[in-house]
Amino acid sequence: VEVLRAVAEGSLASTPPNHALAMEMINRINAEPGLSVDDRVWALSKQADVLIASGFSADAVSRIVRTIPRLEGAGRELMGELLVMLGRAYLAEASATHDPAVAADCLYEAGRQLARASEMIGTDHAQSWLVTLLRAEIAHHQGELEPARRGYRTVLDDYGFSDGRAAALLGLA
């Protein structure tokens with residue numbers, strides 16, 4: 001499982017990401033007998049990442065929402081990371097839809113899941129910048145420009161080393 005995880009993560013981190021290989025490795029991990037709950041949470045999170053990147057955010061939302069009830073006993077931090085992915089999927093779905101009511105519902109759910117995730121992972125976690133950036137993007141979509149600016153500025157000031165720097169600069173612009 002560790003080797004398959006390393007290959008999947010390497011595939012996602014490559015430029016450009018190799019989503020097909022990553023998904024193949026994730027599916028092989030899921031097929032392993034006796035897979036731990038934490039490994040299932042990790043696999044679900046990575047599957048959602050691939051689905052969102054491939055334009056299938058609704059599938060990512062559906063898969064996570066259906067599976068979460070069966071992940072009892074998973075580590076708090078891993079569940080927080082999964083909720084970050086769920087918030088990201090809802091935000092992507094809000095951006096993809098042309099129905100304002102659906103977009104509003106998705107933005108509401110994204111914010112709710114990111115609030116839950118923030119409580120679970122804390123401010124020192126490696127994905128704290130992503131939570132801050134996604135919350136700023138939600139505020140931006142909702143027309144709340146001052147909270148969005150504060151969020152983008154926080155990403156730049158506190159997490160300037162992160163992958164979110166470009167998105168935060170674009171949001172501020």
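This is a predicted model: local features need pLDDT of at least 70, side-chain atom pairs count only at pLDDT 80 or more; totals for chains, interfaces and linings use all residues.

Entry on Glu109 and Arg112. I find these two in a salt bridge, with the closest N and O atoms 3.1 Å apart. Both belong to helix 6 (residues 100-121), where they are three residues apart and therefore separated by about one helical turn. When I looked up accessibility, Glu109 came out as buried at a relative accessible area of 18%, whereas Arg112 is partly exposed at 39%.

Entry on Arg5 and Asp39. Here I note a salt bridge between the two side chains at 2.9 Å, N to O. The pair links distant parts of the chain, since Arg5 is in helix 1 (residues 2-13) and Asp39 in helix 3 (residues 37-53), 34 residues apart. I list Arg5 as partly exposed, with a relative accessible area of 24%, while Asp39 counts as buried at 16%.

Entry on Asp49 and Arg88. I find another salt bridge here, with 2.9 Å from N to O. Asp49 lies in helix 3 and Arg88 in helix 5 (residues 76-96), so this pair ties together parts that are 39 residues apart in sequence. For Arg88 I noted 22% relative accessibility, which counts as partly exposed.

How values were computed: Residues are numbered from 1 along each chain as its sequence is written. Side-chain values use heavy atoms; hydrogens and water are left out. A salt bridge is a side-chain nitrogen of Lys or Arg within 4 Å of a carboxyl oxygen of Asp or Glu. Helices (H or I, at least four residues) and strands (E, at least two) are DSSP runs, numbered from the N terminus. Buried means under 20% relative accessible area, exposed over 50%, partly exposed in between (1.4 Å probe, protein chains only).
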